[in-house]
Amino acid sequence: MPDTITLEVARYSPERDAAPYFERHEVPCRKEWVVLDALNYIKDQRDGSLSYRWSCRMGICGSCGMMVNGEPKLTCATFLTSYAQEGKPVRVEPLRYFPVVRDLVVEITDFMRKLKKAKPWLMRREEKPLAEGEYLQTPEQLDEFKQFSMCINCLLCYAACPVVGLDPLFVGPAALALAQRYNKDSRDQGGSERTDLLSDHEGIWGCTFVGECTQACPKHVDPAGAIQQYKLRAAGEWFRKFLMPWGTRP
Ligand code: SF4
Ligand code: FES
């Protein structure tokens, strides 16, 4: 394994630069180092103005997502050694399809708006009295949605999804997977409301099941699978409403 590796890091300051450009840095290639360590090295040793997000350094906070050699990755979970044998520079860019605030930092306000549209919280038509205690679940009921609840909002699935690139209005994989997480929760009663909000071409029907989101997801959430389940649910609800127009309850 070589002692050093070259990083090509995207730089961009919208108020100063006409377009993004790349800076080359040779950094130590240690076997325990991830791409984030290399960025921290550059920031500490070479240029303190390099901007990027990170926090936990353990694949939990979801803030360190970037494009590494064209693929969306958590930089705290992507080892430099995976690229060392290629003998080429490792290119680090901001997440694809998001506006750039500076260098490797992207603007995620649009995602937050889409997430809100999916209503990823428990909704109930009526609450039982506190005296009756909590809403209990069996392990089987938990298993129904647990996988979809592992999302850390890292947005790698958005950077992987060609539909997000083509249609900026598409709600996108993580928000739809989180909507399905609550649809499948036995304590939730808001499934019909979510389906009404998300059953259009900007919602579940926008997904063409390319499956890149599931490939990119570092937490094995399987957003593509969640969206296909959601489509089946929406089709079932549509038929129920068609056959029983006087009303249904989810
Ligand atoms: S579904 Fe996976 S890739 Fe998408 S935001 Fe959640 S954890 Fe990240
Ligand atoms: S720094 Fe938190 S997920 Fe990478």
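Two strands pair if DSSP finds at least two bridges between them, and helices (H or I, at least four residues) and strands (E, at least two) are DSSP runs numbered from the N terminus. The views below show a predicted model, in which local features need pLDDT of at least 70, side-chain atom pairs count only at pLDDT 80 or more, and totals for chains, interfaces and linings use all residues. Residues are numbered from 1 along each chain as its sequence is written, chains are lettered from A and ligands numbered from 1 in the order in which they are written, and side-chain values use heavy atoms, with hydrogens and water left out.

**View 1. Overall model.** The protein has 10 helices and 7 strands. Its C-alpha atoms fill a box of roughly 70 × 40 × 30 Å along the principal axes. Of the 250 residues, 44% are buried (under 20% relative accessible area, with exposed over 50% and partly exposed in between; 1.4 Å probe, protein chains only). Contact means heavy atoms within 4.5 Å; among contacts between residues at least 6 apart in sequence, 65% join residues at least 24 apart.

View 2. Strand β3 (residues 65–68) pairs with β4 (residues 71–74) in the antiparallel sense, over 4 bridges. G65 stands opposite L74 in β4. There are 2 residues between the strands, and N69 takes a positive phi near 50°. In a regular strand the side chains alternate between the two faces of the sheet.

**View 3. Strand β1 and its partners.** Strand β1 (residues 4–11) is largely enclosed by the rest of the structure, because 6 of its 8 residues are buried. It is joined to β2 (residues 21–28) by 8 bridges in the antiparallel sense, and to β5 (residues 90–93) by 3 bridges in the parallel sense. L7 has H25 as its bridge partner in β2 and stands opposite V90 in β5.

**View 4. Nonpolar cores.** A nonpolar core is a set of buried Ala, Val, Leu, Ile, Met, Phe, Trp, Tyr and Cys residues joined through side-chain atoms within 4.5 Å. The largest has 60 residues, and I5, L7, L39, L104 and Y158 have the most contacts inside it. Neighbours within four places in sequence aside, L39 is in contact with L7, V9, L50, Y52, M66, V92 and L104. A second, separate core of 5 residues includes A177, C217, V221 and A226.

**View 5. Surroundings of ligand 1.** The shell (residues with a heavy atom within 4 Å) consists of C151, I152, N153, C154, L155, C157, A174, C217, P218, K219, V221 and P223. By class, 10 are nonpolar, 1 is polar and 1 is charged; Ala, Val, Leu, Ile, Met, Phe, Trp, Tyr, Cys and Pro count as nonpolar, Asp, Glu, Lys and Arg as charged, and the others, Gly among them, as polar.

**View 6. D185 between α7 and α8.** D185 is found in the loop between α7 (173–183) and α8 (191–198). With a relative accessible area of 2%, D185 is buried. Its side chain makes polar contacts with the side chains of Q137 (2.8 Å) and R181 (3.0 Å). A polar contact is a pair of N or O atoms within 3.5 Å; within protein, one must be able to donate a hydrogen and the other to accept it, and residues adjacent in sequence count only if both atoms are side-chain atoms. Not counting residues up to four places away in sequence, D185 touches L122, Q137 and F145.
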